[in-house]
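Have the structure open as you read.

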Amino acid sequence: MNIPGKSTPEELLKIAVRIAREAAGTARRMRADGVTDVQTKSTDTDVVTAADRAVERQVVAALRAERPADGVLGEEYGDSARTAPGPVRWILDPIDGTVNYLYGLPQYAVSLAAEVDGVVVAGVVHNPATGAEWTATLGGGAWRGDRRLHGSARGTLDQALVGTGFGYDPARRAHQATVLAGLITRVRDIRRFGAASLDLCMLAEGQLDAYFEKGLSPWDHAAGGLLVTEAGLRVGGLSGRPADERMYLAAPPALFDPLHAALVELDADGGP
Ligand code: IPD
């Protein structure tokens, strides 16, 4: 597939991988130096560190230098200005799993995706703490290094290991806790690791059977979402809606419907 602006998904992925690796180096060094400059965003538990901002500035500067006509949407600074409107937009979470980063837990990631005309065509998720890296291109499969990923083949809800996450708003969390209380008796177990992009990579690997979360932002799932669809999983919202902020559900085709039915019954995309 040829993309206007002379880039194929593979070329965009190459750029993404290089820039994400450099960014991961910054995140790792800043973590080793100690995380001291911590501020809060939407609530007192929603934190942003100097590293989140430094990594985002570094990635935006690198993309600007190389591809000035591309847009960049980042978690910390939103949409960055570009020289001319082009079809490519990069979607960046400089540090997904900021709370884990703050506590020195090795479950955080740089997540960078390239979207062309609104469709994600390339993505990389890089864990700076472990060096693990996952990549995908549209139609080119999901990969961890040279190993192609196919997700889980599980089809029964009561045997499913289901990942999820929580928002930062206490009212939303209360609703999410009610949903979990209704779901946990119907599944093998629940996991909450704290970095949605890595949860989606684990799903692509088959280390989780399914995943759902209300309230994800585009930067949380842009790269990881391509990983899971390229691994053969189904992604959607509830009751025919697309996967979006209201609900992001990803599961193997045979598991999607039973999990979807349980989440609809529990009003998982309702509440605040
Ligand atoms: C958060 C993580 C977490 C998810 C939250 C996200 P951040 O991103 O991905 O797992 O449950 O919804 O906001 O704040 O660490 O970049």
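Which residue forms a salt bridge with Arg 89? The partner is Glu 115, and the closest N and O atoms of the two are 3.0 Å apart.

## Ground rules

This is a predicted model, so to speak: local features need pLDDT of at least 70, side-chain atom pairs count only at pLDDT 80 or more, and totals for chains, interfaces and linings use all residues. Residues are numbered from 1 along each chain as its sequence is written, and side-chain values use heavy atoms, with hydrogens and water left out.

## Salt bridges

A salt bridge here is a side-chain nitrogen of Lys or Arg within 4 Å of a carboxyl oxygen of Asp or Glu. Searching the whole structure turns up 15 salt bridges. Back to the opening pair: Arg 89 sits in strand E5 and Glu 115 in strand E6, so the contact ties together parts that are 26 residues apart in sequence. (Strands, E, are DSSP runs of at least two residues and helices, H or I, of at least four, numbered from the N terminus.) Glu 115 is buried, at 11% relative accessible area, while Arg 89 is partly exposed at 22%. The cut-offs are under 20% for buried, over 50% for exposed and in between for partly exposed, with a 1.4 Å probe and protein chains only.

Glu 205 and Arg 147 also meet through their side chains in a salt bridge, at 3.3 Å from N to O. This pair links distant parts of the chain, with Glu 205 in helix H5 (residues 196-205) and Arg 147 in strand E10 (residues 147-148), 58 residues apart. Glu 205 counts as buried at 16%, and Arg 147 as partly exposed at 41%. Then there is Asp 209 with Arg 154, a salt bridge at 2.9 Å, N to O. Here Asp 209 lies in the loop between H5 and strand E13 (210-213), and Arg 154 in the loop between E10 and strand E11 (161-164), 55 residues apart. Asp 209 is buried at 5%; Arg 154 is partly exposed at 31%.

## Two domains

The protein divides into domain 1 (9-139) and domain 2 (157-265), with bounds from an automatic or database domain assignment. Their C-alpha centres lie 22 Å apart. Contact (heavy atoms within 4.5 Å) involves 33 residues of domain 1 and 22 residues of domain 2.

Between them the domains bury about 2000 Å², 66% of it on carbon and sulfur atoms; buried area is the accessible area (1.4 Å probe) that two parts lose on being put together, summed over both. In domain 1, Asp 96, Gln 107 and Trp 134 lose the most area to domain 2, together 27% of what that side buries. How many salt bridges does the rule find across this interface? It finds 0 salt bridges between domain 1 and domain 2.

Asp 117 lies in the loop between E6 and E7 and is exposed, at 61% relative accessible area. Ser 239 is in the loop between strand E14 (234-236) and strand E15 (248-251) and is partly exposed at 48%.
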